[in-house]
Amino acid sequence: MGPTSRATPYWYEDRDVVGMLEALRTFRRADQDMRARLSAGMHMNVTDLQALRFVIAAENAGEVATPRGLATHLHISTASTTKLLDRLTGSGHLAREPHPSDRRSLVVVATDHAHEEVRERLARMHERMAEIAREVPVDARPAVEDFLVRMAAHLDTEGDVPPLGPAPRRPAAPTTSG
C-alpha cells in the first residue's frame, strides 16, 4: 500500500495533527448535513435558511438586517436577494418593514412564526451541544476555542484557488519500424 492509499489525505505531513483535522472535517460535514436536513424540514433551501439565520442573528445583536446586508452576507446578487425575500415573506418567515431611521430603505425582520419554528427545531440540538461543550475540561476550553476561531479565520481569508493547468503532455510511445 502506497502513501496515498491510506484514509488520511496525503498532503498532511505532520501526522500529529491529522486526528484534529479529521475531527474538524467530520464536524463540518455533519454541520452541513444537519443544515440540509433542517432546511428541507422547513421546506426551504439552504440559502433561505442561511438568510433566516442572518436576520435572527442581527435581531439578537440589536442590529437591523437590510436586503443589501443580506446580499453581501450570502454573496448573491440583489436580484437573487429579491427572489429570496419574496419566498421567505411568502412562507411567513420574514417581513419587510420600513427602516427605523431611513424611511427610504427597508429592513428585514423574522416573524414570530420563524422564531417559533427555529426554536422548536433547534432547542433540543442546542441544549445537547451545550452539554457536550460542558464535558470539555475547563482548562482545555480556551485552547479548543482558540483552535476553532483561528481555523474559521483562516478559512474566511482563503481566496479562490487558481485553476489547475492542463496535465503535462506525455511523450508519445516510441514506435518501431521494421
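**Exercise 1.** Determine which residues Leu84 contacts, leaving aside its neighbours within four places in sequence.

*Solution.* The structure is a predicted model, in which local features need pLDDT of at least 70, side-chain atom pairs count only at pLDDT 80 or more, and totals for chains, interfaces and linings use all residues. Residues are numbered from 1 along each chain as its sequence is written, and side-chain values use heavy atoms, with hydrogens and water left out. Contact means heavy atoms within 4.5 Å. Under this rule, Leu84 is in contact with Thr47, Asp48, Ala51, Leu70, Leu74 and Ile76.

**Exercise 2.** Determine how helices α3 and α4 pack.

*Solution.* Step 1: α3 covers residues 67-74 and α4 covers residues 78-90; helices are DSSP runs (H or I, at least four residues), numbered from the N terminus. Step 2: the angle is about 110° and the axes lie 9 Å apart, where axes are lines fitted to C-alpha atoms over the stretch in contact and angles run from 0 to 180 degrees between N-to-C directions. Step 3: α3 and α4 are therefore roughly perpendicular (65 to 115 degrees). Step 4: Pro67, Leu70, Ala71 and Leu74 in α3 meet Thr81, Leu84 and Leu85 in α4.

**Exercise 3.** State whether Thr111 is buried or exposed, and what it touches.

*Solution.* Step 1: Thr111 is in the loop between β2 and α5 (strands are E runs of at least two residues). Step 2: its relative accessibility is 18%, so Thr111 counts as buried (under 20% relative accessible area, with exposed over 50% and partly exposed in between, for a 1.4 Å probe and protein chains only). Step 3: not counting residues up to four places away in sequence, Thr111 touches Gly92, His93, Leu94 and Ala95.

Methods:
Parallel < 35°, antiparallel > 145°, perpendicular 65-115°, else oblique.
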